[in-house]
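Keep the viewer open as you read.

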Amino acid sequence: MGGRHGGAPSALGRLYAEIAKFGVVGLLGIVVNLAAFNLLRWATDLQTVRASVAATAIAIVGNYIGFRYFTYRGQESGRSLRREAALFAFFSAVGLLIENGVLFGATYGLGLHDALWSNFFKFGGIGVATLFRFWSYRTWVFKSAPQVSVVVRHGYDAAGLVESVEETMTLRAVSLPSPPPRPGPGRVGRSAGT
């Protein structure tokens, strides 16, 4: 997914790559979340929503590691890891409330207690919470530091200079060649008289 001229990736290409990496970590998190949820329901006497909250907390820890060191590993956020982890924990807690609020409503509001319905609404809650998490993590937690343009001596913006040279070269390659110069009236008269 190269940029305009096959060089650096475009903004849309970077977004697609980010979504793909987020999806890989997210899918692993869903597997961990659902496996832990069902194991806790089967092996303990935890109520459905409590087992779900514990499973979500386990998945959140794994997701942080995946997001920090896979999805957003190349981004310099300009903030400390402690602050980043605190923001991640805050937005993950909001996601936990969204995810388990859906399950809570189905379990206690609709009275759907069996394993099939619990997994269905747990998965639905994960889906809704994932949309929130993607937005909040990329907007607040793993937000990259503002890009500082590279400036060479004499105050020229190197990136802007490269882009303008690229555009000029592209325009020259695409432009039609100009017609050859026509001889002026003075030349025609002299050559005809000789």
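**A cluster of rings**

Ring pairs tie Phe22, Tyr64, Phe67, Tyr72, Phe88, Phe134, Tyr137 and Phe142 together in a cluster. Bear in mind that this is a predicted model. Across the whole structure, a search turns up 20 aromatic pairs. One of them joins Phe67 to Tyr72 in a tilted arrangement, with 6.5 Å from centre to centre and 55° between the planes.

Now look at the nonpolar core. The largest one has 15 residues, and those touching the most other members are Phe67, Phe88, Tyr137, Val141 and Phe142. Which helices supply at least two residues each to this core? They are α1 (11-43), α2 (48-71), α3 (81-109) and α4 (115-141). In general, nonpolar side chains of soluble globular proteins tend to be buried together.

Next, find Ser52, which is in helix α2. Its relative accessible area is 0%, so Ser52 is buried. Which residues is Ser52 in contact with, once neighbours within four places in sequence are set aside? The answer is Asn33, Phe37, Glu99, Asn100, Leu103 and Lys122. Two of these residues also meet each other: Lys122 lies over the face of Phe37, 5.5 Å from the ring centre. Elsewhere, Lys21 places its charged end over the ring of Phe70, at 5.8 Å from the centre.

Finally, step back to see the whole chain. The protein chain has six helices and zero strands, giving the pattern α-α-α-α-α-α along the sequence. Of its 194 residues, 27% are buried. Among contacts between residues at least 6 apart in sequence, 69% join residues at least 24 apart. The accessible surface of the protein chain is about 13,200 Å², and 68% of that surface belongs to carbon and sulfur atoms.

Conventions. Residues numbered from 1 in each chain as written. Predicted model: local features only at pLDDT ≥ 70, side-chain atom pairs only at ≥ 80, totals over all residues. Heavy atoms only, no water. Core = buried A, V, L, I, M, F, W, Y, C linked by side-chain atoms within 4.5 Å. Buried < 20%, exposed > 50% of the residue type's maximum accessible area, 1.4 Å probe, protein only. Helix = DSSP H or I, 4+ residues; strand = E, 2+ residues; numbered from the N terminus. Contact = heavy atoms within 4.5 Å. Areas by Shrake-Rupley, 256 points an atom, 1.4 Å probe, with all protein chains shown as cover. Phe/Tyr/Trp six-rings, centres within 6.5 Å; stacked < 30°, edge-to-face > 60°. Lys NZ or Arg CZ within 6 Å of the ring centre and 35° of its normal.
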